[in-house]
Structures are given as C-alpha cells and as structure tokens.
Amino acid sequence: MKRILTIAGSDCSGGAGIQADLKTIAAHGLYGMSVITALTAQNTVAVSAIHPIDNDFVKQQIDSVCTDIFPDSVKIGMLFSEDIICAVAQKITEYQMSSIVLDPVMVSSSGKRLLGEDAVQALKKYLIPMVQWITPNLLETEVLCGFPVHNQKQMEQAAQQIAQWYPGVILIKGGHLKDTADDLLYFNGKGHWIAGERIDNSNTHGTGCTLSTAIACALAQGLKPQQALIQAKQYLMNALRAQLNLGAGAGPINHMYRLSDIIAR
C-alpha cells in the first residue's frame, strides 16, 4: 500500500487541514500519516484560536514517521511560523523525502494574511526550492510573483515569473476567477490549461487542502503532472457534487462520497 504523509494544521471541525487530508488519502485507498504543525479551534463560521506546535516536537513527529513507515509522497499545508518552516525543511533534507506537494498557505480566501513576512521569506528561501509541486491560489500567487493576478493572462505571467526561481511544477488554481474555474499547470517552461467546472455549492471549506492531498496521492501512484491534476480535480469535483451541507457557515465537502454511494446501494 502506498503511504502518504501530510504535514499540516489540525481542523477540529473536520473539514480542512489534517482531517481533510487523511479522509482524502483514505478515499484513494492509500495509507495516511500525519505531522501536526498547529492546533486550531475552528468551525464552518470562523477560526477562534490557533496554537502552534513546538518546532522540536514537529521534528520528533517527522522522525517517528520517517524512521519506521517512510512516505511515498508528502503533502505540506499550514506551517504557521518561520521556525516550523525551517524545521520541516531540515527534515526533508535529512530524510531526502521526494514527491512533495506544498500548498503554500499564506492568505485566506477572504484575503487575510496567515503568515508574517519573515515566514513568507523563509518559505520562499528554504522550503519551496526543495518541493516538487506548489499549489497557490490567486492571492498566494500574488505574494510569490509580486504583482496582481486576476485573470488568465496574469496567471501565465505569474507562472513565468515564479519559474525563474522555482524549477518544479507550478499549479496556479483558478477557483477565484470570475468567469471560469480553469487551473494553470506550468512545468518545463510550458503552461497547460486544465479545464475546471464551477460546481454550484457554497460549502467549499477545505477544498485547497483536499486538492493538494489528492495530487500527492496521484504522485504516489506514479501519475505524471497532467494526469495527476486531472485525477485530483475529478475527485474534488465529485466531492463537491455530493452537496454535503453541515454547519452554519461555509461547510465541508463530502470526502467519502464513494462510500456514501456504496451505502446508498
């Protein structure tokens, strides 16, 4: 069985972060492991508190995983601080981990900055250069490229700018575009537009976490970049189509829609 490690924050309401990642991995029939970087008190309405994990304990968690059940691929999500970013980068180097997908959690969907400037610079200097994929949304892409990104032309310009200092696969997610949900996949000096369907569902909590983890699952299964993204997007779209409706705010998606279909039959 292929083994996937997620390094991210915990969402006690179950819709995003570690909980969403482990559900996604299980839904792909793979073995999930986790390293928790922060505890959050949150639900579908708001995040009320964040408690970062000590960076030494983050290292100990990674040691425990990598010295026993070494991962075939890795997904990295919320890292919270410069210290934790550097700790994760150190352990990636020490264990020579590969097939790493980084969801650079820097800006929330509402535009709130989730990382301070020092942490952003640490992410760009120490961690991004050693991962194989990055999956920024439009707001995070702006942080990485340094100029506004609101349309497909600007997405292409941003990918070219980021590719000047980052050699891996760049996925700029188009979920916040006005007229389309197409994503730009950029690698080896070429851009590839992957069509996306905009699902009529306001419950989208954890979609970024889910997509990046589904990509990590596809990489562990040996898929190439375009096929990996297509498979991951199909899983996410189906989880949205299931129209799960939980909570008073922007609720979670149905990660286990396949199991729900089996039970229904």
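Lys 233 is buried, at 8% relative accessible area. Buried here means under 20% relative accessible area, exposed means over 50%, and partly exposed lies in between (1.4 Å probe, protein chains only). The model is predicted, so local features need pLDDT of at least 70 and side-chain atom pairs count only at pLDDT 80 or more, while totals for chains, interfaces and linings use all residues. Residues are numbered from 1 along each chain as its sequence is written, and side-chain values use heavy atoms, with hydrogens and water left out.

Lys 233 forms a salt bridge with Asp 183. A salt bridge is a side-chain nitrogen of Lys or Arg within 4 Å of a carboxyl oxygen of Asp or Glu. In this pair the closest N and O atoms are 2.8 Å apart. The bridge links distant parts of the chain: Lys 233 sits in helix 8 and Asp 183 in strand 8, 50 residues apart. Helices (H or I, at least four residues) and strands (E, at least two) are DSSP runs, numbered from the N terminus. Asp 183 is also buried, at 4% relative accessibility.

Two strands pair if DSSP finds at least two bridges between them. Strand 1 (residues 3-11) and strand 2 (residues 31-42) run parallel and are joined by 8 bridges. Leu 5 stands opposite Met 33 in strand 2.

Salt bridges were then searched for across the whole structure, and 7 were found. One of them joins Asp 21 to Lys 75, with the closest N and O atoms 3.1 Å apart. This pair also links distant parts of the chain, with Asp 21 in helix 1 (residues 17-27) and Lys 75 in strand 4 (residues 73-76), 54 residues apart. Asp 21 is buried, at 0% relative accessibility. Lys 75 is buried too, with a relative accessible area of 1%.

Asp 103 forms a salt bridge with Lys 173, where the closest N and O atoms are 3.7 Å apart. Asp 103 lies in the loop between strand 5 and helix 4 (117-127), and Lys 173 in the loop between strand 7 (169-172) and strand 8 (183-187), so the pair ties together parts that are 70 residues apart in sequence. Asp 103 is buried at 4% relative accessible area, and Lys 173 is buried at 12%. Elsewhere, Asp 63, Lys 91 and Glu 94 are linked in a network of salt bridges.

Ser 99 has a phi near 50 degrees, a positive value in a residue other than glycine. Ser 99 is placed in the loop between helix 3 (82-95) and strand 5 (100-102). Ser 99 is partly exposed, at 22% relative accessible area. Gln 243 is not a glycine, yet its phi is positive, at about 55 degrees. Gln 243 lies in the loop between helix 8 (225-241) and helix 9 (257-264). Gln 243 counts as partly exposed, at 42% relative accessibility.
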